Amino acid sequence: MNPLPQIFQDWFAGRGWAPRAHQLNVLLHVGRGDSVLLISPTGGGKTLAGFLPSLVELSETHARNGIHTLYVSPLKALAIDIARNLETPVREMSLPISIETRTGDTPHSKRKRQREKPPDILITTPEQISLLIADPGAAHMLCHLKSIILDELHSLVTSKRGVLLSLALARVQSFAPTARRIGLSATVADPEALQSWLAPAGERPVPLVLGNAGAQPNIRILKSVDRVPWSGHSARYSIPEVYEAIGNAKMTLVFVNTRSQAEMVFQALWEANEDHLPIALHHGSLDVGQRRKVENAMAAGKLRAVVCTSTLDLGIDWGEVDLVIHLGAPKGSSRLLQRIGRSNHRLDAPSEALLVPSNRFEVLECEAALQAAKENAQDTEYPAVLKLDVLAQHVLGRACAGPFDADVLFAEVTTAWTYRNLTRADFDTVMDYVATGGYALRSYEKYAKLKRRPDGLWRLTHPLIAQQYRLNMGTIVEAEMLKVRMASVKRRLGKRVVIGGRSLGELEEWFLSQLSIGDTFLFAGEVLRFEGLDEFGALASKAFGQDPMIPSYQGGKFPLSTYLAARVREILGSPQRWCALPAQVREWLAAQARKSVVPKAHQMLVETFPRAEKHYLVCYPFEGRLALQTLGMLLTRRLERWGAKPLGFTASEYALVIWTVSDLSLMISADKLSLAHLFDEDMLGDDLEAWLASSNLMKRTFRNAAIIAGLIERRWPGKEKTGRQVTVNSDLIYDVLRSHQPDHILLRAAWDDAADGLIDVHRLGAMLKRIKGQIVHRALEAVSPLAVPVLLEIARESIYGKAYDALLAEAAGHLTSEAMGLV
């Protein structure tokens, strides 16, 4: 029996549609009062499935008291797109339902009106939910809430945004205990984890609804007529073929992995654009007005291509996109499936995708990703849990809403699945930190934010703290940004005067601080001349015929996923699978087999060889750049201690190279150096702690934790601290805490973040365990073919300026000739 009211059945029929089974199943579950997780391929109508229960209920309900449905989107652009798309069925069925958005761009006047007269459906972002519950009037807005729709849930739960959202949902549940949670996702590796995440701790995981599989995607890897580079990440060699593919499609999304790569690729495509095709640029640093123009032009079908980053990853349905090109390897199978799903955004139409590897190792990675996508194999991460800095922010937000009882708050917090294992001792430590700053800081009044009243309830020490909370809340800590405005240059009384104009977007402060007036750089798809800084940010004017610098962004690269890394090792160690690879890559691997050895999937190859009066050790773990950078730091400490005199190291996604003064081959053959001991798991003990104690890396992670926990406030009414001010402040506090309170919760939070992120210690530990007894060593007389890419990474890091391409090509020529036996 169809549970849809007749007006909805008629609407579906009028469009030539029939409701899908998973849409009706969600409607039935929610109708019984269940929360539910829906996993369905891109184009399967997930979003409509999430909203159907609310639309049906609201169409049959006349009395309205506050918000009925909260829809939570990870992206502002997605929230706006969803609102636009949802208004269509509401308008066509003449349903008396009000729909509004609330994001960081929503004017204060509109937010105030929403508090006084809430809409039926509020489409918003995770941060706005936290701001809503920190409002003293939150109960008025949310007490009649019936549904919470969490879209693209897989992208939220793996980060601190998801952890903060889980705490906010626990608070919302105290206002509306019967509100149902509807999770929507297309790419999930572990559905049970998301089912548990959606349910209050201690309750059974929510039911799972699966959509039917969609059409098999058509994915191909570019077989370039040009030679695939040995190293690098730009994929510039492929621009003519990429441009040709754009010309043969209606609309193309060109995905890249970093904002700097987006700028470079966009500029290269414009230079190749002989047919004057409308091609646009979209990434997170561009001005919001510019991004909205691009999005509207896409929706109207006015563009032929958009070069973009993860800002267009998620479920936005922009126009008639019929091709996705991925420049560079996707670094994960779920990311690839998510991105190619933007093409032919319908369940019964196959997505069309072209993968363009940037270098030879990426050919293997693209092949591994292609096979994983064909099997619909997912590699999304496990949900993040127990972040103490996030809990501190939530506690302060709870105090902004009004006085609270600590026992009641602890009980509420532990209903969140992410904090189900929180101990009362850790909760009390967080409470003490928010109230006093902790033992080492309690003598400083500015860190005291909570005070206990005679009746035992906790309140803010000053009303200004609530304002500070609203300005600084959130878990996304980006590098300090400065606005970049287009400037006009005029002459007044014989002097050159620069006047600021329209905003182009934002660039990181550290990049702009390196520029001198007259330097050129690439941003917002234009070559710009740096004109200086004023109190509002950076000023720039148009430049022509220059060789511009390309801005780089800290933390912008995705690491190679563990799952995809294992598949790459399998392809590399199985010569029978090389037939799917381009001839030039097959020749490269065959030369490696002749000159050294190609490791099996369960092995790790270590090569040692002399070159240019230095000695090199190259290993091939295939575990991602973050883990290998940490490995490099720890190995060089050990080699120094053992007398090998290391000079430096460089890590890629696949390999690590260390160069030394001492002859490593000789040391190994003379039993002065044991590879088994060098790569022993015990390096994650004292060696790791000693390195972190002397490294700036922990100061960086501490800075982020301190900002999230509210210890350091970047923004004040009418002003903002510079990145330098924030860093100096956090470094001083870090040193104080390490000396006087080494168990401070923010030091614990910083270590937790470093272990999961910047140093990837868990992945490194798993790798060291995997290679135990499986190390294969080859002492060579010269560089091997497999070592060429990582040795070129050394050249990339030491070459700057206009001669970059020429010098890098020259270095590649010398190395490849040597490795392939041509000299």
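Reader: What covers the buried residues of α10?

Author: In this predicted model, the cover of the buried residues of α10 includes the strands β1 (36–39), β5 (147–150), β6 (180–185) and β7 (208–210), together with the helices α8 (153–157) and α9 (160–175).

Reader: What makes helix α10 (residues 191–198) mostly covered?

Author: A residue counts as buried under 20% relative accessible area. Six of the eight residues of α10 are buried. They are A193, L194, Q195, S196, W197 and L198.

Reader: Why is G162 called buried?

Author: The relative accessible area of G162 is 0%, and the cut-off is under 20%, so G162 is buried. G162 is part of helix α9. Beyond its neighbours within four places in sequence, G162 is in contact with L156, V157 and W197. W197 is also one of the buried residues of α10.

Reader: How far apart are G162 and E127 in sequence and in space?

Author: They are 35 residues apart in sequence, and their C-alpha atoms are 9.9 Å apart. E127 belongs to α6, where it is buried.

Reader: What makes helix α6 (residues 126–133) mostly covered?

Author: Eight of its eight residues are buried. The list is P126, E127, Q128, I129, S130, L131, L132 and I133.

Reader: Is A134 buried or exposed, and how do you know?

Author: Buried, because its relative accessible area is 5%, against a cut-off of under 20%. A134 sits in the loop between α6 and α7 (138–142).

Reader: Which residues is A134 in contact with, leaving aside its neighbours within four places in sequence?

Author: G397, C400, A401 and Y469. Y469 is 335 residues from A134 along the chain, with 9.1 Å between the C-alpha atoms. G397, C400 and Y469 also take part in the contact of α16 with α19.

Reader: What makes α14 roughly perpendicular to α15?

Author: Their packing angle is about 70°, with the axes 9 Å apart. Since 65 to 115 degrees counts as roughly perpendicular, α14 and α15 are described that way. S333, L336 and L337 of α14 meet A369, L370, A372 and A373 of α15. That contact divides into six nonpolar, one polar and no charged.

Reader: How do you know that C579 is in no disulfide?

Author: A disulfide needs two cysteine sulfur atoms within 2.5 Å. For C579, the nearest cysteine sulfur is that of C366, 17 Å away. The search of the whole structure finds zero disulfides.

Reader: Which of the two, C400 or C579, is buried and which is exposed?

Author: C400 has a relative accessible area of 10%, under the 20% limit, so C400 is buried. C579 is at 62%, over the 50% limit, so C579 is exposed.

Reader: Why does K387 count as buried?

Author: Its relative accessibility is 6%, and buried means under 20%. K387 is located in the loop between α15 (360–374) and α16. Its contacts, apart from neighbours within four places in sequence, are K160, V163, Y419, D752, D753 and D756.

Reader: What is the value of phi at K331 and at F622?

Author: K331 has phi near 70°, a positive value, and K331 is not a glycine. F622, also not a glycine, has a positive phi of about 55°. K331 belongs to the loop between β12 (323–327) and α14 (333–340). F622 belongs to the loop between β22 (614–619) and α23 (625–641).

Reader: Are these two, K331 and F622, buried or exposed?

Author: Buried means under 20% relative accessible area. K331 is at 5%, so K331 is buried. F622 is at 1%, so F622 is buried.

How values were computed:
Residues numbered from 1 in each chain as written. Predicted model: local features only at pLDDT ≥ 70, side-chain atom pairs only at ≥ 80, totals over all residues. Heavy atoms only, no water. Contact = heavy atoms within 4.5 Å. Helix = DSSP H or I, 4+ residues; strand = E, 2+ residues; numbered from the N terminus. Buried < 20%, exposed > 50% of the residue type's maximum accessible area, 1.4 Å probe, protein only. Axes fitted to C-alpha atoms, helices over the stretch in contact; angles between N-to-C directions. Parallel < 35°, antiparallel > 145°, perpendicular 65-115°, else oblique. Nonpolar A, V, L, I, M, F, W, Y, C, P; charged D, E, K, R; others polar.
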